[in-house]
Amino acid sequence: MSFRLLSVLMLVLSVSVFADGEAKRSCGMDQHLQHLSTMDSTVYARMEQSEKEAMRHQRFRSFMSLEQRQQVRTIPVVVHVVYRNESQNISQKQIDSQIRIINEDFRKKQGSKGHNNNPLGADTFIEFRLATVDPNGNATNGITRTRTNRSSFGADDAIKSSSRGGQDAWDSTRYLNLWVGNLSGGLLGYAQFPDTGSASTDGVVCLYSAFGDTGSVRAPFDLGRTTTHEIGHWLGLRHIWGDGSCSVDDGFSDTPRSDSPNFGKPSHPLLKCNNDNMFENYMDYTDDGAMNIFTMQQSDRMNGVLDTSRSDLLGWNAFGN
Ligand SMILES: [Zn+2]
């Protein structure tokens, strides 16, 4: 077979993989936890401890007044673009689109793709804004750009380290660090769960072509929902099927039990564990276009994390006003 014929054949094959909807969501949360556990065997125990603490505050929040519960909490964000070529060096416009989308999703914004009519659907009152002050107190647009020689990164935190071809974190007690670059093995992103790893690796990583809804994005992960999903982990949420069988739960009674992730764009009823699955949940594995909900309990848990292990993010004059 000629090289030319082989190339044409490979192109047809790769296109058909996409046309069949075979591109499945793949999140590196588990891989990352395994990576952390090779350096520190207490990581799973600390994860459970952190969940207990956040759960206590989740319950505490149910006694708060509506006014207290509806206080908007704005998280300062720094986006670290780590690129080898121009399509990976994503535009300001692409970054802005991602910030807009996480705000729409977390605030269940009316008229946006992040809105839903499910009575369980929450406005989390959590917002995100690019930092205007850097760790040294200087003005910034909240974006760093780093050229790398590495063709791709895995779930081993190399992208978070200048000495390994990535970019060092800004003080992660004060900023949500969002790294954007090329990831290997079909990985769309991964996040560091609260209290599980070092401050120098704390944050969220996302594939450049699954970040925002314009520029270098590629369907079916072209609506910015990978970042919404990963920030959910970063704020203490597990996958909606609890990463186990029907008897393993994600810790929330308002998310139906399931025993496995859902992919693509399913329709109801989707029965697993005698429940119609909530495949629209941001913590499932469906395509971006199928997702639109965090539940009330997921919202209370994330706010519980902001009351506890991540409270320092909100306790400083992040925007210089
Ligand atoms: Zn995940």
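Asn 277 sits in the loop that runs from strand E8 (275-276) to helix H7 (296-307); helices (H or I, at least four residues) and strands (E, at least two) are DSSP runs, numbered from the N terminus. This is a predicted model, in which local features need pLDDT of at least 70 and side-chain atom pairs count only at pLDDT 80 or more, while totals for chains, interfaces and linings use all residues. Residues are numbered from 1 along each chain as its sequence is written, and side-chain values use heavy atoms, with hydrogens and water left out.

Setting aside neighbours within four places in sequence, Asn 277 has contacts (heavy atoms within 4.5 Å) with Arg 257, Ser 258, Asn 262, His 268, Leu 270 and Lys 272.

Lys 272 also turns up beside Pro 261, which touches Trp 241, Asp 284 and Tyr 285 as well, again not counting residues up to four places away in sequence. Pro 261 itself belongs to the loop between H6 and E7. From Pro 261 to Asn 281 the chain runs 20 residues, and their C-alpha atoms are 11 Å apart.

Then there is the metal. Cys 27 (SG), His 229 (NE2), His 233 (NE2) and His 239 (NE2) coordinate the zinc ion at 2.0 to 2.2 Å. Donors here are N, O and S atoms within 2.8 Å of the metal (3.2 Å for Na, K and Ca); water is not among the atoms, so sites may look incomplete. The angles subtended by the four donor atoms run from 96 to 119°, so the arrangement is tetrahedral (for four donors, all angles between 85 and 135 degrees). Along the chain the donors follow the spacing C-x201-H-x3-H-x5-H. His 229 lies in helix H6 (residues 225-234) and His 239 in the loop between H6 and strand E7 (271-272), so this pair ties together parts ten residues apart in sequence. Both His 229 and His 239 are buried.

As for the whole chain, it holds seven helices and eight strands. Of its 321 residues, 52% are buried. Among contacts between residues at least 6 apart in sequence, 68% join residues at least 24 apart. The C-alpha trace spans about 70 × 55 × 45 Å along its principal axes.

Methods. Four donors count as tetrahedral if all angles lie between 85 and 135 degrees; four count as square planar and six as octahedral if opposite donors are over 155 degrees apart and all others between 65 and 115; anything else is irregular. Buried means under 20% relative accessible area, exposed over 50%, partly exposed in between (1.4 Å probe, protein chains only).
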